[in-house]
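Good morning, and thank you for joining.

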Amino acid sequence: ALRHAVFHHRLDAAARNALRRAGAPVDDELDLIVEDDRRVRLLASRVLATSASALDAADIPWLVFKGPAISRLMNRAELRSFNDLDLLVAASAFSSAVDALVDAGVEEINENWTPYLTHRVGEVPMVMHGVSVDLHWHVTGLGRDRAMFRWQPHQMVARRVERQIGETTVSVLDPVDQLLHLS
């Protein structure tokens, strides 16, 4: 159960670090997972820089949230891994954002819009260099779940703040929205 929780919450590197500090053995599988996470983090940072450049050049307000934005809140960002990027744009800019990212080399992998429209899915999957890029127009994935929350994604994007993630300055949720989203 503990191993599952560590993996589920993307805390493999933190667990390995804690085990090493305690002088406990670290199994080879955990070492491999952490090394793979490091490789993916580097690729994701590259894809984030490309995506930021494309969206900024198209004058589309956007922000990155979840993985990289959460990891930057930690004392040691590398201890919270992530394997994808989640980008949020206002619904009114969604189509333009898809176009800007595709023009920058991010591949749209959705080939069937019917289920997305039927379930009012708040994001579409894209990919670049093997890194999943989830382009969101809403922070809640399925339409049926949105009634439980009073999220106003366009307002969240308007309140965004700039922060450094890796070597790229990007927009993230403002501190209050970040706390609410994490909760």
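Let us start with L43, which counts as partly exposed because its relative accessibility is 21%, and the limit for a buried residue is under 20%. Please bear in mind that this is a predicted model. L43 lies in helix 3. Which residues does L43 touch, once those up to four places away in sequence are set aside? They are H129 and V131. The C-alpha atoms of L43 and V131 are 6.9 Å apart in space, although 88 residues separate the two in sequence.

Neighbours within four places in sequence left aside, its contacts include L48, L87 and V170.

Strands of a sheet pair through backbone hydrogen bonds, in either a parallel or an antiparallel sense. Here we have an open sheet of five strands, in the order 1-2-5-4-3 and with mixed pairing. Which strands stand at the edges? They are strand 1 and strand 3 (107-108); each has a single partner strand, so one side of each lacks a neighbour in the sheet. Strand 3 pairs with strand 4 in the antiparallel sense, over two bridges, and E107 has V127 in strand 4 as its bridge partner.

Helix 5 packs on this sheet, where it touches strand 2, strand 3, strand 4 and strand 5. The direction of helix 5 makes about 155 degrees with that of strand 5.

Finally, helix 5 itself, residues 94-103. Its buried residues include F94, A97, V98, A100 and L101. Why do these five belong to the same side of helix 5? They cover an arc of only 165 degrees around the axis, which places them together on that side. On the other side of helix 5, S95 and D103 are exposed. Just after the helix, G105 adopts a positive phi of about 105 degrees.

Thank you; I welcome your comments.

Key
Residues are numbered from 1 along each chain as its sequence is written. This is a predicted model: local features need pLDDT of at least 70, side-chain atom pairs count only at pLDDT 80 or more; totals for chains, interfaces and linings use all residues. Side-chain values use heavy atoms; hydrogens and water are left out. Buried means under 20% relative accessible area, exposed over 50%, partly exposed in between (1.4 Å probe, protein chains only). Helices (H or I, at least four residues) and strands (E, at least two) are DSSP runs, numbered from the N terminus. The arc is that of the directions from the helix axis to the C-beta atoms. Contact means heavy atoms within 4.5 Å. Two strands pair if DSSP finds at least two bridges between them. Axes are lines fitted to C-alpha atoms, for helices over the stretch in contact, and angles run from 0 to 180 degrees between N-to-C directions.
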